[in-house]
Amino acid sequence: MITAEMKRKIDQVWSSFWAAGISNPLEVIEQITYLVHLRRLEELYPGTDGSAQPLIYQGATERLRWSKLTNEAPQRMLALICDDVVAWLRDLSYRFPDHFSQFKSVRFTITTPSLLMKVVEFVNDIAVSEAGTAGAVYEHLLGKMDGSSGDLRTPRDIVELLVQITRPGRADDICDPFCGTGELLLAARQFVERSGVGGASPEGVFRGFSAHSELLPIAEMNLALHGVARPDLRSVDPLSRDADDLGEYSLILANPPFGGHYDYDRLSDEVCSTCIKLVRRSHVQIAVAEVDVDGYGLDG
């Protein structure tokens, strides 16, 4: 559960972004997420010799630890993040793609020391080591996008409905080819853990793809703060020629991006051939199933 005090802090930091001229909800969450990532990096990659994890803090990068960054004067901290941290995170994404691929398109748009300090204070208030609490805070934060980013985030009641219909199992290999902010993957994981059939921990694949690389840090953070360690998320457009071999799965959970436009030249050969077959048909029927939501124990 998220406390009323934490909700108030989220509202305050949100208002601070708007006052600083950053009003796009996705951009606000993106900037907060990068700072949460910075804080968690120091906890997840302490940099001790002999560790199997990448040594990311060495020499000049020692000063980029969260504990050291946040002890700098606000103006100095802002300069370090803009000039050094962004380049360092992008470099990590290329040197250690299995660990840091979500930072390939990192950007930092906070331009005032005062806003940076308010966000840093908020990030320090998040109990990132407590999965339930931190997950609830981040879920509330993502809720700020509702109504403005429907193509990126699937409504919670639809997520729960899809998961209850498909009933993911512990051994299922699950994929969301349009993972957005990760709600479907998270709900599937939680369903498996709640069911506890054959053990509480899932043993199959949980994988997500996204054509929007800027969403991967948000999706990863959403999963990580709910207790999913190192989720398997990849920056791939599932409709493009780069996606002809994405693996095989026993369950596909997805909310495809039905809106917008797509360049024909970017489509994979398989998608193109399917589209041509549909166009050549004299009659194409689309069936819409009416689902009794109440029958699945869901609200609304």
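In helix α7, the buried residues are Ala 134, Gly 135, Ala 136, Val 137, Tyr 138, Leu 141 and Leu 142. The model is predicted, and the exercises below refer to it.

**Exercise 1.** Determine which elements cover the buried residues of α7, and what span the helix should have.

*Solution.* Step 1: the covering elements include α1, α2, α6, α9 (183–195) and α10. Step 2: α7 has 12 residues, and at 1.5 Å a residue the helix should span 16 Å. The expected span is 1.5 Å times one less than the number of residues.

**Exercise 2.** Describe the largest nonpolar core and the surroundings of Leu 35.

*Solution.* Step 1: this core comprises 55 residues, and Leu 35, Leu 41 and Trp 88 have the most contacts inside it. Step 2: two or more residues each come from α1 (4–19), α2 (25–44), α3 (66–69), α4 (74–95), α6 (113–125), α7 (131–142) and α10 (216–224). Step 3: when neighbours within four places in sequence are left aside, Leu 35 is in contact with Trp 66, Ile 81, Phe 108, Ile 110, Leu 116, Val 119 and Val 123. Step 4: a second, separate core has 19 residues, including Val 159, Cys 179, Phe 191 and Leu 223.

**Exercise 3.** State how many aromatic pairs there are, and classify the pairs Tyr 45 with Phe 100 and Tyr 57 with Trp 88.

*Solution.* Step 1: the count comes to four aromatic pairs. Step 2: a pair of aromatic rings is described by the distance of the centres and the angle of the planes. Step 3: for Tyr 45 and Phe 100 these values are 5.0 Å and 55°, and the pair is tilted. Tyr 45 belongs to the loop between α2 and α3 and Phe 100 to helix α5 (residues 97–100), so the pair ties together parts that are 55 residues apart in sequence. Tyr 45 counts as buried because its relative accessibility is 7%, and Phe 100 counts as buried at 0%. Step 4: Tyr 57 and Trp 88 have ring centres 5.5 Å apart and planes at 40°, so this pair is also tilted. The pair links distant parts of the chain, with Tyr 57 in the loop between α2 and α3 and Trp 88 in helix α4, 31 residues apart. Tyr 57 is buried at a relative accessible area of 3%, and Trp 88 counts as buried at 6% relative accessibility. Step 5: ring pairs also link Tyr 45, Phe 96, Phe 100 and Phe 103 into a cluster.

Conventions:
Residues numbered from 1 in each chain as written. Predicted model: local features only at pLDDT ≥ 70, side-chain atom pairs only at ≥ 80, totals over all residues. Heavy atoms only, no water. Core = buried A, V, L, I, M, F, W, Y, C linked by side-chain atoms within 4.5 Å. Buried < 20%, exposed > 50% of the residue type's maximum accessible area, 1.4 Å probe, protein only. Helix = DSSP H or I, 4+ residues; strand = E, 2+ residues; numbered from the N terminus. Contact = heavy atoms within 4.5 Å. Phe/Tyr/Trp six-rings, centres within 6.5 Å; stacked < 30°, edge-to-face > 60°.
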